[in-house]
Amino acid sequence: MIMLAPMHAEIVRVPVSDELAYWTVLAGPTLAVVGDVDDHLRHLRFGRAREESTTKTYAGHLKRFHVWADERGFSRHEAAFRLPAYVMHLRTTPRATSGRGYGRLPEDATLAPALAAIHGFYLHLADLGRVEAAVVDALFTTVPAQSGGAVAVRPRIRVDARPSHASARPPAATQEEFTKVLEAAETARDRCMVAIMACCALRVGQLVALKREDIHFIPAGRTVPECSYLQGSHLHLRKRGGHPKGAANKNRGTVILPVPSPVEMLYADWLRERRTVRRAGASPWAFVTFPGPTGAPGSEALSARRVQDLLAGLSTRAGLRHLHPHMLRHTFGETAADLDIARDVLQRLLGHSDVTSQDVYRTVSDAKTVIAANAVSDRFFGPS
Ligand SMILES: [Zn+2]
């Protein structure tokens with residue numbers, strides 16, 4: 001087989017309005033839009049109202065598939081018939097991108113979404129008549145449709161979609177690892193982000209999607225305009241679109257999280273440091289980029305990937321294993337469980353349910369969650 005030089009491809013965010021965007025795939029020497037893939041991703045976002053973050057994930061999977069097929073000269077038709085070879089290719093290719101699973105072979109749980117993206121893409125192509133029925137038959141078990149033609153029922157190639165233990169739940173960072181990463185951080189911003197992920201159990205997507213207006217650092221008993229929360233410093237996790245790097249906050253509705261005082265102090269440090277970043281004053285995002293060595297002006301929103309890379313760099317500098325942001329969230333969960341924090345309180349701290357939809361018989365008071373958040377923080381920092 002003749003192998004060409006690796007094809008250049010990337011995914012990009014396409015803003016359609018202030019709040020609406022989808023992700024697409026660019027490929028080839030001129031990084032041109034991949035037409036049929038772009039049609040499909042736009043259809044997912046606007047025809048089927050899928051989340052922007054879904055189109056980002058699918059764009060990543062379809063980019064890899066497109067590159068694999070293109071480098072081998074396969075048409076869409078041929079590539080469909082060679083899908084088993086592609087699955088083998090995925091299974092035997094370590095992840096080259098940073099983040100969770102870097103350098104490791106993918107597990108079945110991570111192959112399943114890649115296949116789902118490809119299957120959905122081909123069904124769309126078939127709907128549009130861009131691939132023949134034979135392609136659908138190759139990919140799916142089909143049954144005859146009453147209106148003529150066939151209905152795809154079930155993909156022929158499947159991997160076990162049940163997440164394995166390892167992929168479902170990366171191990172928690174230990175409290176020692178948390179402390180060492182904090183010490184390794186060279187900027188107030190990074191210290192604050194590490195602390196907020198561990199002490200507030202934020203997911204990385206929630207962290208980068210935080211806006212300054214979401215952060216209410218006030219003494220207990222005081223309120224800020226348009227917020228009636230009285231229990232002291234807190235932040236709001238809001239579901240909203242429009243993040244320039246496609247980060248998604250997967251909460252339903254808005255969640256209020258108490259913020260312990262060490263995190264508040266680190267945030268104040270970051271706000272001082274932030275004043276040195278030109279134009280950061282105009283940015284709505286809580287955390288922004290620094291000016292880059294190659295002349296990037298800084299003060300842009302951070303991507304989830306950027307934070308993953310930052311944490312990976314800090315863990316390397318601290319002489320630790322590769323830490324992923326989610327491992328800090330688990331540090332919170334494990335520490336809280338060690339402290340026997342009630343299940344329902346912890347459920348709320350981890351943002352697993354909306355504040356307003358608490359079961360009336362298991363209502364957790366705001367005061368109780370503040371005590372719990374501070375108890376966890378005391379394990380990290382010592383009593384404040
Ligand atoms: Zn508030």
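A residue is called buried here if 20 or more other C-beta atoms lie within 10 Å of its own, exposed if 12 or fewer, and partly exposed in between, with C-beta atoms placed from the backbone. The model is predicted: local features need pLDDT of at least 70, side-chain atom pairs count only at pLDDT 80 or more, and totals for chains, interfaces and linings use all residues. Numbering starts from 1 along each chain as its sequence is written.

Start with helix α8, residues 175–184. Helices are DSSP runs (H or I, at least four residues), numbered from the N terminus. Which residues of α8 are buried? F178, V181 and L182. Why the same side of α8? Because they cover an arc of only 100° around the axis, taken from the directions from the helix axis to the C-beta atoms. On the other side, E176 and E183 are exposed.

Now the cover. The buried residues of α8 are covered by elements including α9 (188–199), α12 (304–317), α13 and α15. Contact means C-beta atoms, placed from the backbone, within 7 Å.

T179 also lies in α8. T179 counts as partly exposed, because it has 16 C-beta neighbours inside 10 Å. Its C-alpha atom is 7.7 Å from that of F380, 201 residues apart along the chain.

Next, α13 (residues 325–338) against α15 (residues 366–381). They pack at about 105°, axes 10 Å apart. Axes are lines fitted to C-alpha atoms over the stretch in contact, and angles run from 0 to 180 degrees between N-to-C directions. So α13 is roughly perpendicular to α15 (65 to 115 degrees). F332, T335 and A336 in α13 meet A372, V376 and R379 in α15.

Key: Helix = DSSP H or I, 4+ residues; strand = E, 2+ residues; numbered from the N terminus. Parallel < 35°, antiparallel > 145°, perpendicular 65-115°, else oblique. Contact = placed C-beta atoms within 7 Å.
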